[in-house]
Amino acid sequence: MTDFLFKSASELAELLRSGELTSTDLTTACLDRIDALEGRVHAFLHVDREGALATAAKVDQARAAGDELHPLAGVPIAIKDNMVTRAVPTTCASKILDGWLPPYDATVIEKIKEAGLPIVGKTNMDEFAMGSSTEHSAFGPTRNPWDLERIPGGSGGGSAAAVAAFMVPLALGSDTGGSIRQPGSVTGTVGVKPTYGAVSRYGLIAMASSLDQIGPVTRTVEDAALLQELIGGHDPRDSTSLPEPLDSLTAAVKNGEMDLKGVRVGIVRELTGEGYEPGVVSVFDAAVDYLRSRGAEIVEVSCPNFDYALAAYYLIMPAEVSSNLARFDGMRYGLRVEPDEGPITSERVMAASRGAGFGDEVKRRIILGTHVLSAGYFDAYYGSAQKVRTLVQRDFDAAFDQVDVLVSPTAPTTAFKFGEKVDDVMAMYLNDIATIPANLAGVPAMSVPAGLSDGLPVGFQIIAPARRDDAMYRVARAVEMMEDVAGQCPAKDWNGEA
């Protein structure tokens, strides 16, 4: 029996510590479930059975010898395929990096290996993390375990789908404008974007360096807290890494199980109302009422410059994309395509390689970013967007003078069907309208499942001041206690490929 696959990571860790379960058995069960369900979901780009089982065996040996181990030692984890893993394929779901084997590990990978978590594989994503649906992977889309005809969110749809389908209890994602939280919302998982700099970005293949942040993907708030505490901390190799540690996140989760008396919760006026599905609004309102019943003080706040956050993001982000992706030129590593005719020059090889290696969405953002950085347009577009970014940060500062956390729906809709928005660029971009402000300001935010709308999960977003991730976790745990959404995923009853 493998019913233990439906348990949380913290519950599995306890079974491992007590000797009721071995890491080898747990990891084997996860790998077998991946093999059985991958044909339906396509959550993974690479599965490392040999490496995962080798780590599991080492943990079992160390535990049998009485060695002191990390609390999560032996619990399997999946990694979004934009974090470099030594000698394991890392592609960013792009043809231009197909087959690339990194020579080093990202800092978060080093910490996971040191703690003894078996890495079962690398998960699918929108190419170079550009997208809101995981329809933009060069290797095919990932499907939502709640409804295989619907998207799992993006760009980290693979990590969210793997956790939602009980393939793994833990995963890592990266969040540039909502790419952990938005998939979390539509797959019924917990997705966390920590304070910018709280988790090292060293070894994360950059999309937009001032916005990117690695964070946990789990089925429970407690698991997310445990994982963030594992991967967090100062890293001298990351110049944006925070020098001081955060307050205890696991302690905050325990506090969330008590009443919320004295906690001030702000509803952001600009992140509700028009454009949000009625079912999403209904679930959000019910969650707010529940927080009120737990003793929280509910306050409506206004952040007027949030109305311009989406436009500012789609100027700042592509500008940084244009700069960061310039290194993928077909000359040093990755895909190299030589022109069929004419002289072979560096310029022509670069053009042929980038033309063949990048997908449409990546090309679109590179072109837009190059344009806004060009002479004559820099101040009008990029410079103005940075001014709006400052105004968004000031809105957060003013709001947090009134409340402890801010809340909103994570996404304006539940999971939509494949192809529904892929040709409507603006409609796709609007999926991230509620998540983008937190990235612009660098503050922590998370999505926690709050209920269902027409049988599909709805995420509840909680935003806290910078370095106050603990406040976010406390409220998230309270919301989570309303209903076990993750446990209702239809994938729980799947036994093999359809």
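Select T240 and its surroundings. T240 touches Y196, G197 and R201, leaving aside residues up to four places away in sequence; contact means heavy atoms within 4.5 Å. T240 sits in the loop between α7 and α8 (249–256). Helices (H or I, at least four residues) and strands (E, at least two) are DSSP runs, numbered from the N terminus. Is T240 buried, partly exposed or exposed? T240 is partly exposed, with a relative accessible area of 26%. Here buried means under 20% relative accessible area, exposed over 50%, and partly exposed in between (1.4 Å probe, protein chains only).

A word on the model and its numbering. The model is predicted, so local features need pLDDT of at least 70 and side-chain atom pairs count only at pLDDT 80 or more, while totals for chains, interfaces and linings use all residues. Residues are numbered from 1 along each chain as its sequence is written, and side-chain values use heavy atoms, with hydrogens and water left out.

T240 and N495 are 255 residues apart in sequence. From C-alpha to C-alpha they are 44 Å apart in space.

**Helix α7**

Move to residues 221–231. This is helix α7, and it is mostly covered: nine of its 11 residues are buried. Colour V221, D223, A224, A225, L226, L227, Q228, L230 and I231; these are the buried ones. Then click G233, which follows α7. The phi of G233 is positive, near 115°.

**The sheet**

Show the strands. In what order do the 11 strands form the open sheet? The order is β1-β3-β2-β4-β6-β5-β10-β11-β9-β7-β8, and the pairing is mixed. Two strands pair if DSSP finds at least two bridges between them. Select β1 (44–47) and β8 (297–301) next: they stand at the edges, each with a single partner strand, so one side of each is left without a neighbour in the sheet. Neighbouring strands of this sheet are turned by 25° against each other on average, direction ignored.

Zoom in on β2 (residues 77–80) and β3 (residues 119–123). These two run parallel, joined by four bridges. Pick I79; its bridge partner in β3 is K122.

Next, select residues 469–480, helix α16. Helix α16 lies across β5 (190–193), β6 (214–218), β9 (405–409), β10 (445–453) and β11 (456–463). Against β10 it runs at about 10°. For such angles, axes are lines fitted to C-alpha atoms, for helices over the stretch in contact, and angles run from 0 to 180 degrees between N-to-C directions.

**Salt bridges**

How many salt bridges does a search of the whole structure find? The search finds 21. A salt bridge is a side-chain nitrogen of Lys or Arg within 4 Å of a carboxyl oxygen of Asp or Glu.

- Select D35 and R49. They form a salt bridge, with the closest N and O atoms 2.7 Å apart. The pair links distant parts of the chain: D35 is in helix α2 (residues 23–41) and R49 in helix α3 (residues 49–64), 14 residues apart. D35 is partly exposed, at 44% relative accessible area. R49 is partly exposed too, at 29%.
- Select D404 and R264. Their side chains meet in a salt bridge of 3.3 Å, N to O. D404 is in the loop between α13 (378–400) and β9, R264 is in strand β7 (residues 264–268), and 140 residues separate them. D404 has a relative accessible area of 26% and is partly exposed. R264, at 27%, also counts as partly exposed.
- Select R269 and E300. The closest N and O atoms of this salt bridge are 2.9 Å apart. R269 lies in the loop between β7 and α9 (278–293) and E300 in strand β8, so the pair ties together parts that are 31 residues apart in sequence. R269 counts as partly exposed, at 42% relative accessibility.

Salt bridges that share partners join D32, D35 and R49 into one network.

**Zoom out**

Show the whole chain. It has 16 helices and 11 strands. Along its principal axes the C-alpha trace spans about 70 × 55 × 45 Å. Of the 498 residues, 60% count as buried. Among contacts between residues at least 6 apart in sequence, 76% join residues at least 24 apart.
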